[in-house]
Amino acid sequence: MFFSFITNTVYSQKNIFKGNVSFINESNDKEPLAGVTVYWLNTNSGTLSDIDGNYKIPLSSSSNKLVFKYLGFKEQIIDVTEKIFYNIIMLNDDNILDEVTVNKKRKTIQKSYFKTQNITNVSSDELLKAACCNISESFETNPSIDVNYSNAVTGVKQVKMLGLESPYLLITEENIPMIRGASQVYGLSFIPGTWVESMQITKGSGSVVNGFESVSGQINVELKKPYSDSPFFVNVYTNNMGRNEINIHGNKIINDNLSTGLYLHANKNTSINDKNNDGFLDNPTSNAFNIFNRWQYINTQKGTVSFLGIRYMKDEKEIGESTDDMVFIREPWLGQINTNRFDSNFKYGYVNPSIPYQSLGFQMAYSNHEQDSFFGVRNYDINQRSFYSSLIYNSIIGSTLNKIKFGLNYSYDDFDETVDKKDVFYNRIDKSIGGFFEYSYDSMDAVSLVAGIRYDIHNNLGNFFTPRIHMRYQPFEKSVFRFSLGTGRKSSNIFSENQNIFATGREIKILNNSGKFYGLDPEKAFNYGLSFRQGFFINNREGDITFDYYVTDFDNQVVVDWETQGELSFYNLDGKSYAKSLQVDIEYQLIDNVLIKSTFKNFDVKKQYDSGLKQNPLTPKNRFFTNIEASTNEKENGSKWKFDLTYNWIGTQRLPNHTELADFNGSSPSYSLINSQITRVYSDKFEIYIGGENIGGYTQSNPIIGGDPFGVDFDTSLIYAPIHKALFYVGLRFNN
Amino acid sequence: MKYIIILSLFFSSLGFSQQSNLKSLNVSFLVKGVCEMCKDRIENGTLKLKGVKYVNWDIISSNISLIYNSKKISLDEIHKGISLLGHSTSKYTAPSEIYNSLPDCCLYETLEKH
């Protein structure tokens, strides 16, 4: 394998034609010209010159005339007779208008009118708005996803979509299912934000290609690619709570085909913070290290691309009572969460250059995730070893208007858990093999459709079909309707998905015993939704309004019942459970450099508990969100200021019964949060940012309740608001 | 039985998609156009000609490359079909009444590439 890589490299280097493009500027100096179109006359083979004016283009068999084109300059055509460097000087074209300025900026969150599925693309620029530090925190400026603290001691934030918790989302990394099982709660916080190139958020049931697990939606994370990422990057961050982070990336293009990247992340928090004086650390002291090495192989002539990645991370958190200046009349309540994870993956893609509509993709991934933790006297240890592989083939029926995808997935998961007082053990192996077929009718016309079906054979879930369909209807240029319908299933890893139960004194009960998952049955749901988007122009400026209405209906669900004080029960759903979500987004370009976004959300999430049909606890019925982003005009050297302000209003939430929460009468007060960030860009290489989170400083008055931390009433998980007051941070980014 | 469902799904699709490759021809020629709108019009319109499987029109070189099934459509018919969309090809000139009804941004006889 490796030998063939080397020979290919040499072979293709001989067939690459290189050179440099420059122009004579006003002060008569030669300057490189970026973005010049370079192509072989009468062919499709072309490229652009890079920032230094360099270009590379594979030799063409059908043409030896190379064309150089750039707006404002005369077109040049050269005859290529020898395989040597050609350096070109472009000449001003006096017949063309002096200057054309294009001042439409690409948005950081993009919604398409043409995609069949309801997909929002989040660029890395958007991720920068939440400077810290990992992707679970990056959604705070994104209205489709809600971020909540899951408890008062671990500092972990969990995401929700369409009113449902993250286990009901399929979270993939470059289309490999990633954050699942053991890594469900902490997994998103283990992906450093700076590693991410972009994210795609799909509302509704998603595609069948990646499996049967997605219920309310999918989040796909694309990581930086060594070939296209900048050669060197550093990000340093610190905040007033004592958290320090550093990210260093290095990428190297070894030759025309092979490139590699090394990505390092470390964070450390040694400060003891107990700003609300409840005796418990507001956030854990922690120590983490994350390293990722990635190789990318591209051969455009043969149509192959391949990735190989190896990653290791270690994360240690210490939580609990602050022992610093306290005299204890009993043992302090302390805890530790230690995680080790190893990941490796390999991907291979092939497109026949002469039949560009056929392609083949293969990927496989292995991971070993180990978490050892204790919370007071409760233990939770889990080890998950996973293997995943998939094979996908893309082709057409008749013409590219009708595309098909089909393939196979295989997945293997081995779970080992030790729960509670180190006396309960669980061991489970999930194995499944599935085949899928997806048809899409894809044109830029008014109607498009994606219909998929998959059949899976699973040792614990049984054998079943998963159908999913998406439709798009665009009656006018700026109006689009989308409809989706599908089913999803998942095995419920009740302990790893609900780790906040361990930071309570509640007695854990499992009320069923005939199912294959801790005695419980698998979860199954049906999701359907309708979306309408209308674009408009007011005052000659662009805006749009989107209405999304999605319903998730559970056939079976594992009910996590917090309703009885001192107890936590898991049982199979007996009756109804649904999540209905309505979201209205308005977006408008107020003036050239100011974009304003507003969102209103209503969640009606109810399920049948033993004690009746109730709204899910700690799920706000209504939310309101506004984000304003502004920037000054970019100067010639790339310098500018960027401003970002986010306002969140969170409505009342139902609180489970607890004697210490009796004053609230079962519902939490509503409150507002403000986040803001200012970035000073000095050049395209260097910038400094400063920001604040929860600037108003609203906090929950009693995040830790129940008195004696070793008693059954003790609870740190009934959290409806932030635990700490305003947080300020500062950091810098260097990019070369 | 259960594995047969998966395998038959896989191989029937595989056979199906391979079969359609047999009579494919690759061609490339000039089609006049100046903008992204032209690209949409040319590509969508050409794809709807029965027998055309794949189209890519390059705005810079004005070149169209396409793959078609020679049993279902001839190259001449493709040229004619594209010219009837209002975009002249290296073989046929678009009828002037169709050309005149093109969107303003696509009037390639008078406009520069944009």
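In S2(A), A:Lys30 is the bridge partner of A:Ile24. The model in which this pair occurs is predicted. The pair belongs to an antiparallel pairing of S1(A) with strand S2 (residues 30-32) of chain A, which extends over three bridges. S1(A) also has a second pairing. Strand S1 (residues 16-24) of chain A pairs with strand S5 (residues 54-58) of chain A over five bridges, again in the antiparallel sense. In that pairing, A:Ile57 in S5(A) stands opposite A:Phe17. Strands of a sheet pair through backbone hydrogen bonds, either parallel or antiparallel.

A further set of strands in chain A forms an open sheet. Three strands make up this sheet, in the order S11-S12-S13, and their pairing is antiparallel. Strand S11 (145-149) and strand S13 (164-165) of chain A are the edge strands, each pairing on one side only. Between S11(A) and strand S12 (residues 157-161) of chain A, the antiparallel pairing covers five bridges. A:Val159 in S12(A) is the bridge partner of A:Val147.

The domain assignment divides chain A into domain 1 (2-90) and domain 2 (223-735). Taken over C-alpha atoms, the centres of domain 1 and domain 2 of chain A are separated by 43 Å.

Several individual positions of chain A were examined. A:Ile254 lies in the loop between strand S19 (243-253) and strand S20 (258-269) of chain A. A:Ile254 has 13 C-beta neighbours inside 10 Å and therefore counts as partly exposed. Residues up to four places away in sequence aside, A:Ile254 touches A:Ser259 and A:Thr260. A:Ser432 is 178 residues from A:Ile254 in sequence. In space, the C-alpha atoms of A:Ile254 and A:Ser432 are 39 Å apart.

Two residues of chain A stand out by their backbone angles. Most residues other than glycine have a negative phi, and most peptide bonds are trans. A:Asp420 is not a glycine, yet has a positive phi of about 70°. A:Asp420 is found in strand S26 (residues 399-420) of chain A. With 16 other C-beta atoms within 10 Å, A:Asp420 is partly exposed. A:Asn539 also has a positive phi, of about 55°, although it is not a glycine. A:Asn539 sits in the loop between strand S32 (523-538) and strand S33 (541-556) of chain A. A:Asn539 is exposed, because 9 other C-beta atoms lie within 10 Å.

Chain B has four helices and three strands. From the N terminus, its elements follow the order α-β-α-β-β-α-α. Chain B has 114 residues, of which 29% are buried. Of the contacts in chain B between residues at least 6 apart in sequence, 57% join residues at least 24 apart.

Helix H2 (residues 36-47) of chain B contains 12 residues. From first C-alpha to last, H2(B) reaches 16 Å, close to the 16 Å expected at 1.5 Å a residue. Its buried residues are B:Cys38, B:Arg41, B:Ile42 and B:Thr46. Viewed down the axis of H2(B), these buried residues fall within an arc of 110°, so they line one face of the helix. An α-helix has 3.6 residues a turn, so residues three or four places apart point the same way. The buried residues of H2(B) pack against strand S2 (52-58), strand S3 (63-69) and helix H3 (75-83) of chain B.

The predictor gives the complex an ipTM of 0.76 and a pTM of 0.81. Chain A has a mean pLDDT of 87, and 92% of its residues reach 70 or more. Over residues 1-13 of chain A, the pLDDT is below 50. This stretch has 14 contacts in the model beyond near neighbours in sequence. Residues 94-105 of chain A also stay under 50 in pLDDT. For residues 94-105 of chain A, the model has three contacts beyond four places in sequence. Where pLDDT is low, the predicted coordinates should not be read in detail.

For chain B, the mean pLDDT is 84, and 82% of the residues reach 70 or more. Within chain B, confidence is lowest in helix H1 (residues 2-19), at a mean of 64. Confidence in chain B is highest in H3(B), at 94.

Terms used: Residues numbered from 1 in each chain as written. Chains lettered and ligands numbered in written order. Predicted model: local features only at pLDDT ≥ 70, side-chain atom pairs only at ≥ 80, totals over all residues. Domains from an automatic or database assignment. Buried ≥ 20, exposed ≤ 12 C-beta atoms within 10 Å, placed from the backbone. Contact = placed C-beta atoms within 7 Å. Expected span 1.5 Å × (residues − 1). Arc of directions from axis to C-beta. pLDDT = per-residue confidence, 0-100. Pairing = 2+ DSSP bridges.
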